[in-house]
Amino acid sequence: MQIYMVGGAVRDRLLGLPVQDHDWVVVGATPEQMVAQGYLPVGKDFPVFLHPDTREEYALARTERKSGRGYKGFTVFTSPDVTIEDDLARRDLTINAIAARADWTGAEGKKDPEFIDPFNGRRDLRAKVLRHVTAAFREDPVRILRLARFAARFHDFAIAPETMALLREMVQEGEADHLVPERVWQELARGLMEDHPARLFDVLRDCGALRVVLPELDRLWGVPQRPEYHPEVDTGVHVMMVLQQAARLRAPLPVRWACLMHDLGKGTTPADVLPRHIGHEARSARLLRAVAERLRVPTECTELAEVVAREHGNIHRSADLNAAALVRLLERCDAFRKPARFADVLLACECDARGRLGMEDDAYPQRPRLLAALAAAQGVQTASVAQAAMAHGAQGAAIGQAVAKARAQAVQGWMDEAAAAR
């Protein structure tokens with residue numbers, strides 16, 4: 001039995017990056033031998049075991065044969081005769097197809113192990129190139145998304161021309177049509193959290209896969225906006241700038257998803273009214289709900305994106321609203337019940353405002369102002385207001401109106417104090 005560290009753990013150590021998870025491959029063993037040594041079997045589709053002490057996963061070396069469409073269309077073969085080179089040959093990128101002996105720590109000064117690197121992954125690491133291992137890459141459409149995600153993570157790596165050509169062939173041959181929603185969302189979510197998430201979508205556009213997995217987003221490129229508000233003009237360019245602002249501000253996943261979805265409606269604006277986009281907010285909310293249903297996007301991401309799509313224009317213009325209108329805006333955003341989510345809504349709106357050419361470092365006073373307005377309105381004792389209203393015969397909607405009026409008075413008081421302090 002021989003144990004090798006493989007994949008991302010080797011790659012990231014060679015790059016001097018922190019290693020989050022270790023991947024281990026066992027050569028020359030049977031499932032029975034693994035169990036006899038205390039390993040716990042957990043694999044469903046092929047033999048994977050948990051180490052008896054560390055609980056890390058150890059997989060038996062395997063090969064794969066294409067047997068159908070999609071990422072599940074494979075027959076897996078394991079045997080003590082499968083070599084580490086055989087196992088590495090089924091991997092996606094050369095930089096992920098390097099193995100090292102299990103006792104290698106990557107520590108400075110420690111003698112390098114005899115790397116198993118049959119596809120020159122270390123050379124591509126040094127040259128900063130993302131290159132597929134073999135033509136078998138084309139058999140799994142998820143690899144299109146994975147490569148795009150790696151491009152977002154290693155943003156200074158180039159994609160080998162032959163690999164980009166292969167991606168385009170896969171899309172043309174319909175492989176991307178067989179991507180399942182769970183895997184699409186999984187890869188998009190991971191790519192969105194990288195430091196350069198816009199590159200993920202650049203790669204998907206370049207190979208043609210974006211129009212398959214997210215046609216609502218793909219159609220935004222080439223759609224003009226009014227240059228006095230959007231000096232970058234192109235809607236697709238704007239959305240990528242907004243997304244990069246979210247990464248710059250270390251926004252969580254729901255905020256980044258909201259940034260990606262907030263302007264989908266501009267892709268359906270009639271040509272005769274361009275570059276204006278009247279009513280795009282409601283259209284964006286409708287479209288993103290359809291995307292969420294198709295890709296099975298988590299509820300927290302969808303709900304935040306809906307609020308941002310629907311209200312971002314009103315939030316941008318909130319400095320012009322009076323106290324009563326501010327309270328109505330807070331109510332539409334459900335800010336009183338979900339103040340933490342409202343803070344994320346404002347962060348996404350800040351990204352939208354700063355995701356424009358020449359405005360990347362502009363202040364966004366709407367965010368602290370609306371948080372302060374919410375705090376003032378939250379100071380109202382709503383139970384007491386409701387009881388007083390009922391004592392005067394109010395019922396149903398009239399009670400809610402009394403609460404809203406009290407909140408508006410509180411917000412007006414805060415606005416008066418702020419004005420006096422200036």
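In strand S8, Arg 101 is the bridge partner of Tyr 4. This pairing belongs to a predicted model, in which S1 and S8 run antiparallel to each other over three bridges. Strand S1, residues 2–6, also pairs with S2, again in the antiparallel sense, here over five bridges.

A parallel element is supplied by strand S2 (residues 23–27) and strand S5 (residues 57–60), which are joined over three bridges. There, Trp 24 stands opposite Tyr 58 in S5. In general, the strands of a sheet pair through backbone hydrogen bonds, in either a parallel or an antiparallel manner.

At the level of the whole protein chain, the secondary structure comprises 19 helices and ten strands. The C-alpha atoms fill a box of roughly 85 × 50 × 45 Å along the principal axes. Of the 422 residues in the chain, 50% are buried. Among contacts between residues at least 6 apart in sequence, 66% join residues at least 24 apart.

Nonpolar side chains in soluble globular proteins tend to be buried together. In the present model, the largest nonpolar core contains 106 residues, and those with the most contacts inside it are Phe 201, Leu 214, Leu 217, Trp 257 and Leu 260. Apart from this core lies another, of twelve residues, including Val 25, Ala 61, Ile 84 and Ile 116.

Phe 201 is located in helix H8, which spans residues 198–207. With a relative accessibility of 1%, Phe 201 counts as buried. Beyond its neighbours within four places in sequence, Phe 201 is in contact with Leu 188, Leu 192, Leu 210, Leu 214, Leu 217, Met 240, Leu 243 and Leu 260. Pro 118, by contrast, is 83 residues from Phe 201 in sequence and 31 Å from it in space, C-alpha to C-alpha. When residues up to four places away in sequence are set aside, Leu 214 touches Leu 188, Phe 201, Leu 260, Met 261, Val 291, Arg 294 and Leu 295.

The packing of two further helices was also examined. Helix H15 (residues 323–332) and helix H17 (residues 366–378) have axes that come within 11 Å and cross at roughly 90°. H15 is therefore roughly perpendicular to H17. At this crossing, Leu 326, Leu 329 and Leu 330 of H15 meet Arg 369, Leu 370, Ala 373, Leu 374 and Ala 377 of H17.

The cysteines were considered last. A disulfide is a covalent bond between the sulfur atoms of two cysteines. Assignment requires a pair of cysteine sulfur atoms within 2.5 Å, and by this rule the count is zero disulfides. For Cys 259, the closest cysteine sulfur is that of Cys 351, and the separation of 4.2 Å is too far for a bond.

Terms used:
Residues are numbered from 1 along each chain as its sequence is written. This is a predicted model: local features need pLDDT of at least 70, side-chain atom pairs count only at pLDDT 80 or more; totals for chains, interfaces and linings use all residues. Side-chain values use heavy atoms; hydrogens and water are left out. Two strands pair if DSSP finds at least two bridges between them. Helices (H or I, at least four residues) and strands (E, at least two) are DSSP runs, numbered from the N terminus. A nonpolar core is a set of buried Ala, Val, Leu, Ile, Met, Phe, Trp, Tyr and Cys residues joined through side-chain atoms within 4.5 Å. Buried means under 20% relative accessible area, exposed over 50%, partly exposed in between (1.4 Å probe, protein chains only). Contact means heavy atoms within 4.5 Å. Axes are lines fitted to C-alpha atoms, for helices over the stretch in contact, and angles run from 0 to 180 degrees between N-to-C directions. Angles under 35 degrees count as roughly parallel, over 145 as roughly antiparallel, 65 to 115 as roughly perpendicular and the rest as oblique.
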